[in-house]
Amino acid sequence: MEEDGVRAKVSRDEDGGKRVRAKVSGGKIAEVDDWLRNLPESLLCHLLLNLPTKYVVKTSTLSSHWRHLWRYVPGLDLDCRDFTEYDEVAGFIDSFLSFNNGESSIQMFKLRYHSELGGDVDEETDNANLTRWINTVVRRKVQHLALSWGEVPIPPTLYKSESLVSLKLSDAVLPNPEFVSLPSVKAILLESVKFANDLAFEKLISGCFGLERLTLYRSQNDNVKVLRVRSMSLLNFDYNGSTYTGPHEDLVVAIDAPMLEDLQLSDHLTESFIIDNMSSLKEADIDVQFNFCFGKKFDPIDIPKRNMIRNFLVAISNVKNMILSPSTLEVIYEYSKCELLPLFCNLSSLSVYFYNHSWEMLPVFLERCPNLKSLVVESATFPKDNTRILTRPWRLLSSLEYAEIESPLEGEAMEMELLSYLLENSPVLRRLTLYVDKDSNNESVILRELLRIPRLSSSCQVYVLDP
C-alpha cells in the first residue's frame, strides 16, 4: 500500500483488527492502528503531548491526516541539540507559538539550550527572546514550564501566572519580585539558580500557596545566605547544598513547613539548620554535618552550636522512616558525649551507612529508638584491627524484628562484634540477613563464628545470601 510516499503493509492482529505498519524517515517502523486514525484530533494532540517535539514532528510523514497535526499539539519539548544554529531554534519556537492564531492554551513548554549551538547571538537579543516566549506562554495559560537556558533573567510575568502547575528552572536568574502569586503551582525544581537576594527566594516559595513538592540544587554563588522555606502546604522537600569546597560564608537553612512528610537534606557546608513545625514528618534522608568539614571538629564548648543541633534533632524526632549518612551519624555521636539525645519514639525503620569509623556510634543512637523494628546497614567497611569496642553493656533492642547488613562480610573482628551485638541484644528479632561471597576463602570461617554467637531471640532466623 502506498500513501503519501509512505510504504505501508496491512496485516491482521490477534483479535482480527487491521494494523498498518508504516516505514517512516530514519528507517524506523511505526505501527498505527486504524482505530487511531478515527480518534478526535484533540485526543490525538493530547497523546502526542507526551513525546519530545522532534518525534511529534516526524509523525507528519505518516499520512496527509498527520501532516499538520503536530502544529496543534498543546506543548513544546525542545532540545537545542537537534539544531545547528541559534537562529534555527529561535525561528522554530516563534513559528510554533504563532500557530493556531496564537490564542490556544499551552499545557507544556520545555526548552533545553546547549552552549555548543552555532551562530552568533548577543546577550540582549537572547534575553529578549526568552522574555517574549515566557510572556507568550504565560498569557496562553501554560501549566508546566521547564527551562534550561543559561544565566538569563526570568521576567516578572512568570510570578503572576494563575495556570502554572509545575516549574523547573536550571541556571536561570530570578530577580527580586514586587509580588508573587502562583496559586496553582504544586511542584518546583530549581537547579543552580541565582537569586537577587535572600528575599527573592523566600517570596517565590511563600507565593506558591498550594506548593507540595520543592527540589533545590544550590550553586556556590546563588546570592542566598539565609535560605528560608516557609510553606503551609509543602509535603516534600529535597534540598541539595552546593558541593563547592572553596572559601564560603556561614550559611543557614530555615524550614517552617508543618505539613512536611518527606525531608531530604544533603549538605556539608551549611552552618545551621533551623527547623520548626515538623510534627507530620514520615520520611527523612539526612546527610548533613553542620559545617564540620575541612578539618573542623565538633566543639563541645560551642553552646550555640550544641543548641542548634539539639533543636534540629528534636525537630525531626517524630520521623517514622529515616536514612542517616556517616557524617550525620558521627555528629550525633559526638553530640551524645555532651548531651542526652532526644527520643525517636515513632522511628520504625532505620537505614545507616558508615565507613572507617567504629560502629559504636550506632548503638548510642539505637538506644534512643525504643520502637525500631527494622535496621539496615547499607554499607560498612570496618577497621582491620582486633580492638573490642563493646566497652559497656548496651540496652536491649527490645522492638527490633528485622536487621540486614548489606555489605558482604569478610570475617573481620569488627564485623563479628556487630553480629554479636544484634543477635545477643534483640529479644524479638525474627530475621537477620547477611551477605557472604561464596567464592571467599573466609566463608566457612564466617559461618562457624556465626554459629557460636548466642541468640537472645528463640525465633530468629539468619539468612546468609550470596551478594
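Leaving aside neighbours within four places in sequence, S327 is in contact (heavy atoms within 4.5 Å) with H268, D287, V288 and Q289. This is a predicted model, where local features need pLDDT of at least 70, side-chain atom pairs count only at pLDDT 80 or more, and totals for chains, interfaces and linings use all residues. Residues are numbered from 1 along each chain as its sequence is written, and side-chain values use heavy atoms, leaving out hydrogens and water.

- You'll find S327 in helix α8, residues 326-336.
- S327 is buried, with a relative accessible area of 9% (buried means under 20%, exposed over 50%, partly exposed in between, using a 1.4 Å probe and protein chains only).

**Helices α4 and α5**
- Helix α4 (residues 86-98) packs with helix α5 (residues 123-139) at an angle of about 20°, and their axes are 11 Å apart.
- That makes α4 and α5 roughly parallel to each other (angles under 35 degrees count as roughly parallel, over 145 as roughly antiparallel, 65 to 115 as roughly perpendicular and the rest as oblique).
- On the α4 side, Y86, A90, I93, D94 and L97 meet T125, D126, N129, R132, W133, T136 and V137 of α5.
- Sorted by type, the residues of this α4 and α5 contact are six nonpolar, three polar and three charged.

**Helix α6**
- In helix α6 (residues 198-206), the buried residues are A200, F201, E202, L204 and I205.
- Those buried residues of α6 pack against β9 (173-174), β10 (187-191), β11 (194-195), β12 (213-217) and β13 (226-230).
- At the start of α6, a side-chain oxygen of N197 comes to within 3.1 Å of the backbone nitrogen of L199.

Definitions and conventions
Axes are lines fitted to C-alpha atoms, for helices over the stretch in contact, and angles run from 0 to 180 degrees between N-to-C directions. Helices (H or I, at least four residues) and strands (E, at least two) are DSSP runs, numbered from the N terminus. Ala, Val, Leu, Ile, Met, Phe, Trp, Tyr, Cys and Pro count as nonpolar, Asp, Glu, Lys and Arg as charged, and the others, Gly among them, as polar. A polar contact is a pair of N or O atoms within 3.5 Å; within protein, one must be able to donate a hydrogen and the other to accept it, and residues adjacent in sequence count only if both atoms are side-chain atoms.
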